[in-house]
Amino acid sequence: MKTKNIMYWVFIAPVLAALLIVVVVPFVWGIYYSLTEWSGDMAQTPVFTGFQNYQSLLSDPTFLNALWFTFKYAIVTVIIINVVGFSLALIVTSYIKSKDFLRTIFFMPNLIGGLILGFVWQFIFTNIFNALGDALGVEMLQGWLATPATGFWGLVILHVWQMAGYIMIIYIAYLQSIPDELLEAADMDGASYAQKLKNVIMPLVAPAFTVSMFLTLSGAFKIYDQNLSLTGGGPGGSTKMIAMDIVDTAFAMNTMGLAQAKAVVFFIIVAILSLTQVYYNKKKEVEL
Amino acid sequence: MKKKKTTGRIVLEVIGILLALLWLSPFYIMLVNAFKTKREMFENTLAPPSEPVFQNFIQAFQELDFLRTFFNSFLITSLSIVCIVFFSAMAAYALSRNKSKVSGIIFFLFVASMLIPFQSVMIPLVKMFSELQSLNKWGLIFMYIGFGSGLSLFLYHGALKNIPISLDEAAKIDGATKWQTFWHVIFPLLRPIGITVAILNVIWIWNDFLLPSLVLGQGDETIPLKLFLFFGQYTKQWTLALAGLTISIIPVIIGYFIAQKHIIKGVSDGAVK
């Protein structure tokens, strides 16, 4: 098909038009907005203010707090989701009878929207934890989501429960590609399970670790629905993450220019993380 | 040796079942409390209801205007999916069979778009569509095509590398037009990856909340959006809220059990590629 051929453009036009109108143009326009002051009022024209928005970001406690909270959150969830997801994958690829059933169950939360799941867990943390705390006399279970620390761990628990099954699926794909002969050979040599895990399984699923790490990392950075429905950013905005801070700055405070500056910084962070992943994957592929 | 292995297996089996119960417990808690009166819920949160109450479900179903809300979600998701599956395949086909610089740039544009988080385009996007008087479900479907095309085109493009160009040439010799070649030869061969593309997009679009909340007006609400509004209204009436959550989850669970194999394969292929 030649570029000059009209059919070439007919084939490409629908998605290209959608991409340009929905993503490319707003993205470029957004960079301009980040240099203006604008309330979102359609009748008003944005006023160009240079880098003022970016300067005020540096001293914006809400944004800096959201950024720091998101980083902490991302590191903790990435580690836990991958450890849990990998463990689940090991269980459902072993020779147990219930493995298909287990796989179905572990993956299930992943299909349901984060907003719905956040509401379900809000009920669990407030009512069930309180009831359990009363019954068992454990004070630690009382008042969850009412402090920044329990809000943080509440979000982590929800996210791990939702995402571990997804990451499990990725590990399963790699675990199943390990040739049986290799594991049998290790058995013949009298290797224990721990030795097999360390010397045979782990090195062979190493690419899966890279894929999963970055998938969970960018997932943790972009999280919004769960944040909104579980804690709503509270108490006192202490559990508000970047995505939510951008939405609030735009549509609750009506400072569009400032919100857009935050969004540009957000893009840069996410892009760096994703490009690092692509770089590592490419490097791995070459080595293989 | 053999005996040791059996014990190991049983232990693992028990651990697995316990974990599965733990994984299911949030659903159990939601379900049993949705069937209770408010009073019973406070007296005993963990036990099954002494006598199931259906009133919460009836009220939640009505308040959520569920048939209409479900239809909205269904319409928006299915139309978006049909367009994404079909148009991305067409574009990927044209790009993969034309190895020019222009194709390279266009392909790069699609791949690069995957890096952009929604919040980075949100404000100008909403302003633009509001000026075009398109903040409605048709505008939303168009937006989903834009956001969904990057990954979809990328997946199709990868699959097309494995479809030999000799097939195109054979069709051409038989006198097929470009369109006939695509529709009768190439598109049927793309079916496996097409299912993956459809599944990945369904999971995302069906559950999406933020974009519909900025775009859709009254009467057009999708399930997550309606549920959010409903929840805000009955924030302290947990039994009613839980019934609403249960109703909203049921279609997803049914879909999961019908298409489980495809879903797990699709998610796995989509992530690994």
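1. In this predicted model, 44% of the 273 residues of chain B count as buried (20 or more other C-beta atoms within 10 Å of the residue's own, with C-beta atoms placed from the backbone). Local features need pLDDT of at least 70 and side-chain atom pairs pLDDT 80 or more, whereas totals for chains, interfaces and linings use all residues. Residues are numbered from 1 along each chain as its sequence is written, with chains lettered from A and ligands numbered from 1 in the order in which they are written.

2. Chain B has 14 helices and 0 strands (DSSP runs of H or I, at least four residues, and of E, at least two, numbered from the N terminus). The C-alpha trace of chain B spans about 75 × 70 × 35 Å along its principal axes.

3. UniProt, in an unreviewed entry, places "domain: ABC transmembrane type-1" at residues 70–259 of chain B; such annotations may be inferred rather than shown by experiment, and positions follow the numbering used here, with feature names shortened. That span of chain B is 81% helix and 0% strand, with its end C-alpha atoms 19 Å apart.

4. The largest nonpolar core holds 156 residues, of which A:Met168, A:Tyr171 and B:Ala91 touch the most other members (a core joins buried Ala, Val, Leu, Ile, Met, Phe, Trp, Tyr and Cys residues through C-beta atoms within 7 Å). Helix α6 of chain A, residues 148–175, supplies the largest share of this core, 15 residues.

5. Helix α7 of chain A (residues 180–188) lies largely in the open, because 0 of its 9 residues are buried. A:Gly190, which follows α7(A), has a positive phi near 80°.

Technical notes. Buried ≥ 20, exposed ≤ 12 C-beta atoms within 10 Å, placed from the backbone.
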